[in-house]
Amino acid sequence: CYAAISKLAATTPTAADQAAALHDLGEAIGFVHGLKAVPANARIITDVQIDEVLTLMLAPSTTEGTVYQFVTNGATYLPKITDAQNKLKAVYGFSATEMEDFKNNWVSVQGR
């Protein structure tokens, strides 16, 4: 989510930046949506909370998504990504330091 916000909040994001940001969001959306496949008794987040996050990410599980609006109407919709991050922070009790650490893609950083 941080990578997508960074790319889309630029003054004039290129088409490549926009595509990369949508890819980043797609990964995040897929990850969050995939949590529903984990048995409810084996996870902290509830189905309702997952649906709330997906809705904030313009990818509700019950209707067609409108993720493209992060590109076409970023000023209105980009804050919803931050809202989704804050929702996940609250659900899991992440600290500000942990949230800051999530800005790093450790797989890439560590060359794994």
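How many nonpolar, polar and charged residues does the lining of the largest pocket have? In this predicted model, the count comes out at twelve nonpolar, three polar and three charged residues. The pocket itself has a volume of about 840 Å³. Of the 18 residues that line it, C1, Y2, A28, F31 and F102 sit closest to the centre. As for where the lining comes from, α1 (2-8), α2 (15-34) and α5 are the elements that each give two or more residues. The largest share belongs to α2, which puts in five residues.

Helix α2 also turns up in the next part of the picture, its packing against α3. The axes of these two helices come within 9 Å and cross at roughly 165°. An angle over 145 degrees counts as roughly antiparallel, so α2 and α3 are roughly antiparallel to each other. Their crossing is left-handed. On the α2 side, the contact is made by I29, V32 and H33, and on the α3 side by I50, V53 and L54. Sorted by class, this contact has five nonpolar residues, one polar residue and no charged ones.

Now for the other partner of α3. Helix α3 (residues 47-56) also packs with α5 (residues 74-92), at an angle of about 160° and with the axes 8 Å apart. That angle makes α3 roughly antiparallel to α5, and α3 passes α5 in a left-handed crossing. From α3, the residues taking part are Q49, E52, V53 and L56; they meet K80, D83, A84, K87, L88 and V91 in α5. By class, the residues here divide into five nonpolar, one polar and four charged.

Back at the pocket, α2 and α5 are both among the elements giving two or more residues to the lining.

Methods. Residues numbered from 1 in each chain as written. Predicted model: local features only at pLDDT ≥ 70, side-chain atom pairs only at ≥ 80, totals over all residues. Heavy atoms only, no water. Axes fitted to C-alpha atoms, helices over the stretch in contact; angles between N-to-C directions. Helix = DSSP H or I, 4+ residues; strand = E, 2+ residues; numbered from the N terminus. Parallel < 35°, antiparallel > 145°, perpendicular 65-115°, else oblique. Left-handed = near helix turned anticlockwise from the far one by under 90°. Contact = heavy atoms within 4.5 Å. Nonpolar A, V, L, I, M, F, W, Y, C, P; charged D, E, K, R; others polar. 1 Å grid on protein atoms, 1.4 Å probe; cavity = no way out; pocket = protein on both sides within 12 Å on 5 of 7 lines; lining within 4 Å. Points joined across faces, edges and corners; volume = space filled by probe spheres on them.
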